[in-house]
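Here is a friendly briefing on aromatic contacts, a pocket and some strand pairing. Have a look at the model first, and then follow the topics below.

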Amino acid sequence: MSNLHAVFGSGALGSAVTRVLLARGLPVRVVSRSGRAPAGAESHRADATDTTAVKAACVGAAAVYNCAAPPYTSWAEQYPAIQTGLVAGAAAAGAVLVSAENVYVYGRVQGPMTEDTPIAPTSRKGEIRARMHEALMAAHRAGTLRVAVGRGPDYYGPEAVVTTVYGERVFYPALAGKPAEIFGDPDALHTWAYVDDFARGLVTLGTRAEAVGKVWHLPCPPALSQRALLDLIFRAAGHPTKIRAMPGWLATGLGWFIPIMRELAEMQYQWQHDYDFRCDRYLAAFGDEVTPHAEAARRTVEWFKAHPKAKG
């Protein structure tokens, strides 16, 4: 049987999944609109919303990873279409589809988030992800294909420059000794995953039969405040911590004029209240390791230092 792994998306998460697979000596096909792939991986150019192209890209795959993410402002138009294409491609190949998901489906949660937390979205993006999740699991129940869902919190790490809140607006300022720009309450608890841990969790789901048909919370350290994480980041960068927190009312106001701020504004609740994501079930089942934030912050600072921001 084939042991080819097809990774859709060459952004931060897709690149991390590719690194994990290559490190394990597994054959990898990276599928993206750009057609770029790291050394050691096969590259394949395709638009994930084109079902015919996706089926061709999935030929011979044992596992297909959905790490493709459209721009925040295009979720309603593109995200469901991407999933439809990957469902068709994975089903045609007889591959397990590993879907990377976030916690928007839970809405505003009081207390810890677990795999048993009810789906109760309170945002447009959360509603989109909830509908996508239900469609995916319905396809699994119908026997159309095999599905494993890996759900994770916000992540940071190498290459996560634009795609995450804790990317270039935090790490480049930290390296320059300037204030990191964040949302919400610096002292509210929040949960982050190191991108390589998130990726390793997805690969586990794609290579372990017992993961199929279930939702898993992927490995991450315990929740801590934004201020505590920023202290680790600035310490690794060699500067005292400086923070510039954008109040919710300002994000909402800017949303009237700036489309991306309008999309970010509706998710402000995640940064204003405690956001406690738990991964105990995954750790008990698979015995994985979790990278401590101090080490993850150091590695990420080193990556940003080696990749300075382009001027202009």
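Both Phe171 and Phe304 are buried, where buried means under 20% relative accessible area, exposed over 50% and partly exposed in between (1.4 Å probe, protein chains only). This is a predicted model, in which local features need pLDDT of at least 70 and side-chain atom pairs count only at pLDDT 80 or more, while totals for chains, interfaces and linings use all residues. Residues are numbered from 1 along each chain as its sequence is written, and side-chain values use heavy atoms, with hydrogens and water left out.

**Aromatic pairs**

- The whole structure holds 13 aromatic pairs; rings of Phe, Tyr and Trp (its six-membered ring) pair if their centres lie within 6.5 Å, and planes under 30 degrees apart count as stacked, over 60 as edge-to-face and the rest as tilted.
- Phe171 and Phe304 make a stacked pair, with 4.9 Å centre to centre and 10° between the planes.
- That pair links distant parts of the chain, since Phe171 is in helix H5 (residues 168-176) and Phe304 in helix H12 (residues 293-306), 133 residues apart; helices (H or I, at least four residues) and strands (E, at least two) are DSSP runs, numbered from the N terminus.
- Ring pairs also join Tyr156, Phe171, Tyr172, Tyr194, Trp303 and Phe304 into a cluster.
- Tyr282 and Phe286 form a tilted pair, 5.0 Å centre to centre with 55° between the planes.
- Both Tyr282 and Phe286 belong to helix H11 (residues 280-286), four residues apart, about one turn of the helix.
- Tyr282 counts as buried because its relative accessibility is 0%, and Phe286 is buried too, with a relative accessible area of 12%.

**Second largest pocket**

- The second largest pocket has a volume of about 300 Å³.
- A pocket here is an open set of points on a 1 Å grid over the protein atoms alone, where a 1.4 Å probe fits, with protein on both sides within 12 Å along at least five of seven lines; lining residues have an atom within 4 Å of a point.
- Of the 20 residues lining this pocket, Ala62, Ala63, Val96, Arg146 and Gly206 are the closest to its centre.
- Strand S4 (61-66) and helix H6 (195-207) are the elements that give two or more residues to the lining.

**Strand S4**

- S4 is mostly covered, with five of its six residues buried.
- Strand S1 (residues 4-8) pairs with S4 in the parallel sense over five bridges; strands pair if DSSP finds at least two bridges between them.
- S4 also pairs in the parallel sense with strand S5 (residues 96-101), over four bridges.

Note on methods:
Points joined across faces, edges and corners; volume = space filled by probe spheres on them.
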